[in-house]
Amino acid sequence: MGSRFFRLRLPVLYSLLLATFLLWPNAPARVAARPASSTAYELIEAVNALRAANGLPAYRTDPILMTIAQAQAEYMASIGTWTHTGPDGSRPYQRALAAGYLVAGDLSRGGWFSENVIMGNNLSAEAAVQAWLGDDAHKNTMLGAIYQDAGAGVAVAGNTYYYCLDVGLSTGGTPVVYTPFGKTPTPTIIPSTPNPDGSIVHIVQPGETLITIAVAYNVPLADILRLNNLTLNSVIYPNQKIIVRPAFTPTPTQPTPTASPLPTLTPWPTSTPTASPIARTAAPGLTPSRPIRESSVAVALGLILLLALALAMLAALIGRGRGRE
């Protein structure tokens, strides 16, 4: 009875074991690892902790900078890569000015404003800060003694985290009403006239960006970046000269060899010889005779031969007659 019970339950046990084996490896995959810090405020806390460790005062969280940093982080997540250029071609300090943050310093050089961006798979705020310590430019954004205000933004696409940190120094004036940068009128770019050598050099005006310059001249942005040794993250300033088209370098053209036709041989003129009668001039007092023709000469020769034969035969007959005597 026991063995029969065991045989009946054995398939059920096998099924349970098989189901456990199939489902067990998938159980850990349902829990995705999340970064330890993934909010904008935690990013600022990590930066301020770094500043405190270096004897610097903490950044003040600015609501305007928080807004533009979050917008930039979301834009980066939408395009799947990091960039300092906004969706309208704006630069970081331009977005701050347009949002109402009164940037101090020389605005022709971007003012006292700086931005760090980064992206990474399951990247935490602390890891982002550590990565930014790898070069002086990003380190200066976090440890700059001149900056006072900061804003941060975080966006997530799948397991990829996009971070944006904006820091700046304000003039301390009354903030203007927030107006998104995209709603401000875009300056009209008047293309420069080509130089005599064919080159085109554009003088940057306030509010212009590399993208708007490329669109105005209808040239690829990559060409402008290459000609001026710039990148997508380069900052341009008013009165800066941007090469749109280099000077033309005349290329010497080699003459194309042309095959000369061979001279046409002209056949020499052929003439058919015509027997002209030989005119003889008669001596004075003599009557010129008729021209001697070839037929007359032949007849004369024939007669001479016949005469010679006749004389030979006659001589032979005479010789025989003497022999008989």
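Residues are numbered from 1 along each chain as its sequence is written, and side-chain values use heavy atoms, with hydrogens and water left out. Because the model is predicted, local features need pLDDT of at least 70 and side-chain atom pairs count only at pLDDT 80 or more, while totals for chains, interfaces and linings use all residues.

Helices (H or I, at least four residues) and strands (E, at least two) are DSSP runs, numbered from the N terminus. Four strands form an open sheet of mixed pairing, in the order β1-β3-β4-β2. Its edge strands, each pairing on one side only, are β1 (60-61) and β2 (113-121). Two strands are said to pair if DSSP finds at least two bridges between them. Strand β1 runs parallel to β3 (residues 149-157), and two bridges join them. Within this pairing, threonine 61 stands opposite alanine 150 in β3.

Helices lie across this sheet. Helix α2 (residues 40-53) lies across β1, β3 and β4 (160-168), and runs at about 130 degrees to β3. Helix α6 (residues 136-143) lies across β2 and β4, at about 115 degrees to β2. For these angles, axes are lines fitted to C-alpha atoms, for helices over the stretch in contact, and the angles run from 0 to 180 degrees between N-to-C directions. Contact means heavy atoms within 4.5 Å.

The next topic is salt bridges, of which the structure holds three. A salt bridge is a side-chain nitrogen of Lys or Arg within 4 Å of a carboxyl oxygen of Asp or Glu. To describe their surroundings, residues are called buried under 20% relative accessible area, exposed over 50%, and partly exposed in between (1.4 Å probe, protein chains only).

Arginine 60 counts as partly exposed because its relative accessibility is 49%, whereas aspartate 149, at 5%, counts as buried.

Another salt bridge is formed by glutamate 115 and arginine 95, whose closest N and O atoms are 3.1 Å apart. It too connects distant parts of the chain: glutamate 115 is in strand β2 and arginine 95 in helix α4, 20 residues apart. Both glutamate 115 and arginine 95 are buried.

The buried residues are Pro92, Tyr93, Gln94, Arg95, Ala96, Ala98 and Ala99, and their cover includes α3 and β2. Just after α4, glycine 100 takes a positive phi of about 110 degrees.

Helix α3 (residues 63-79) contains glutamine 72. Glutamine 72 is buried, because its relative accessible area is 2%. Leaving aside neighbours within four places in sequence, glutamine 72 is in contact with Thr83, His84, Thr85, Gly86, Arg95, Glu115 and Cys164.

The remaining salt bridge involves the side chains of aspartate 223 and arginine 226 (3.8 Å, N to O). These two residues are three residues apart in helix α8, and therefore separated by about one helical turn. An α-helix has 3.6 residues a turn, so residues three or four places apart point the same way. Aspartate 223 is partly exposed, with a relative accessible area of 28%, while arginine 226 is exposed, at 54%.

Most residues other than glycine have a negative phi. Asparagine 122, however, has a positive phi of about 50 degrees; this residue is found in the loop between β2 and α5 (125-132). Asparagine 218, in the loop between α7 (210-217) and α8 (221-227), likewise has a positive phi, near 55 degrees. Asparagine 122 is partly exposed, with a relative accessible area of 26%, and asparagine 218 is exposed, with 71%.

Finally, Leu307, Leu311, Leu314 and Ile318 make a nonpolar surface patch of about 390 Å². Patches are made of residues with over 30% relative accessible area and no salt bridge; like charges are joined within 9 Å, and nonpolar side chains (Val, Leu, Ile, Met, Phe, Trp, Tyr) within 5 Å. Accessible areas come from the Shrake-Rupley method with a 1.4 Å probe, and for residues only the protein chains shown count as cover. Leucine 311 lies in helix α9 (residues 294-324) and is exposed, with a relative accessible area of 52%.
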